[in-house]
Amino acid sequence: QVQLRESGGGLVQPGGSLRLSCAASGSIFRINDMAWYRQRPGKEREFVAAISRGGSTTYRDSVKGRFAISRDNGKNTAYLQMNILKPEDTAVYYCKADNSGDYTWGQGTQVTVSS
C-alpha cells in the first residue's frame, strides 16, 4: 500500500501564490502518473493537473498559465506551484498517484483565497 501526504495549503490573498507538496511513501514499486484534484464543499472533485513519470503535463483550462505541476522521482514527490490565485481556486486539494496500476489518494490540504 502507498500513502500520500499533501502539505503547503493555507490562506492567501487574491493574486498570491502557494506551493503544494505530495509525498508518497510505503510499498512503492513505480509511481507512474501523479495528479492534483480539488473539491469545493458540495461540489464534485475536479481535475487540476497531471504529470507523467517522464514529465509530460496536462492542465485544467482555468489554471493554465497560473499553475505548474512538477515532480521529483527520486523523492517520490509531486508539487503544484499555484500563482495568481483567485477566490474560485479555494478548495481542498488532493494528490493522486498511480503506483503500477494501484491508484491512491491523499488526505487533502485546504487552500483558501480571500481578502
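**Contacts, rings and strands in a predicted model**

Modeller: Leaving aside residues up to four places away in sequence, Thr-109 touches Glu-6, Ser-7, Gly-8, Gly-9, Leu-20, Ala-91, Val-92 and Tyr-93. Keep in mind that this is a predicted model.

Biologist: Which strand does Thr-109 lie in?

Modeller: Thr-109 belongs to strand β11, which covers residues 109–113.

Biologist: Is Thr-109 buried or exposed?

Modeller: Buried, because its relative accessible area is 11% and the cut-off for buried is under 20%.

Biologist: What lies 3.2 Å from a polar atom of the Thr-109 side chain?

Modeller: That is the backbone nitrogen of Gly-9. Gly-9 is also among the residues that Thr-109 touches.

Biologist: Changing topic to the sheet. What is the strand order in the open sheet of four strands?

Modeller: The order is β1-β3-β8-β7, and the pairing is antiparallel. In general, strands of a sheet pair through backbone hydrogen bonds, in either a parallel or an antiparallel way.

Biologist: Which strands stand at the edges?

Modeller: β1 (2–7) and β7 (67–72) do. Each has a single partner strand, so one side of each is left without a neighbour in the sheet. From one strand to the next, the twist averages 15°.

Biologist: How many bridges join β7 to β8?

Modeller: Six, and the two strands run antiparallel, with β8 covering residues 77–82. As one example, Ser-70 has Tyr-79 in β8 as its bridge partner.

Biologist: Tyr-79, then. Which charged end sits over its ring?

Modeller: The charged end of Arg-19, at 4.3 Å from the centre of the Tyr-79 ring. There is also Arg-45, which lies over the face of Tyr-94 at 3.6 Å from the ring centre.

Biologist: And rings against rings: how many aromatic pairs are there?

Modeller: The count comes to two aromatic pairs. Tyr-37 and Phe-47 form an edge-to-face pair, 5.6 Å centre to centre with 80° between the planes.

Biologist: Where do Tyr-37 and Phe-47 lie?

Modeller: Tyr-37 is in strand β4 (residues 31–39) and Phe-47 is in strand β5 (residues 46–51), so this pair ties together parts that are ten residues apart in sequence. Tyr-37 counts as buried at 17% relative accessibility, while Phe-47 counts as partly exposed at 26%.

Biologist: Which aromatic pair does Tyr-37 form with Trp-105: what are the distance and the angle?

Modeller: Tyr-37 and Trp-105 are edge-to-face, 4.9 Å centre to centre and 65° between the planes. Trp-105 lies in strand β10 (residues 102–105) and Tyr-37 in β4, so the pair ties together parts that are 68 residues apart in sequence. Trp-105 is partly exposed, at a relative accessible area of 36%.

Biologist: Last topic, the backbone. What is phi of Asn-76?

Modeller: Near 50°, which is a positive value in a residue other than glycine. Most residues other than glycine have a negative phi.

Biologist: Where does Asn-76 lie?

Modeller: In the loop between β7 and β8. Asn-76 is partly exposed, with a relative accessible area of 22%.

Biologist: And Ile-84, what is its phi?

Modeller: Phi of Ile-84 is near 45°, again a positive value in a residue other than glycine. Ile-84 is placed in the loop between β8 and β9 (91–99). At 49% relative accessibility, Ile-84 counts as partly exposed.

Key:
Residues are numbered from 1 along each chain as its sequence is written. This is a predicted model: local features need pLDDT of at least 70, side-chain atom pairs count only at pLDDT 80 or more; totals for chains, interfaces and linings use all residues. Side-chain values use heavy atoms; hydrogens and water are left out. Two strands pair if DSSP finds at least two bridges between them. Axes are lines fitted to C-alpha atoms, for helices over the stretch in contact, and angles run from 0 to 180 degrees between N-to-C directions. Rings of Phe, Tyr and Trp (its six-membered ring) pair if their centres lie within 6.5 Å; planes under 30 degrees apart count as stacked, over 60 as edge-to-face and the rest as tilted. Buried means under 20% relative accessible area, exposed over 50%, partly exposed in between (1.4 Å probe, protein chains only). A charge sits over a ring if NZ of Lys or CZ of Arg is within 6 Å of the ring centre and within 35 degrees of the ring normal. A polar contact is a pair of N or O atoms within 3.5 Å; within protein, one must be able to donate a hydrogen and the other to accept it, and residues adjacent in sequence count only if both atoms are side-chain atoms. Contact means heavy atoms within 4.5 Å.
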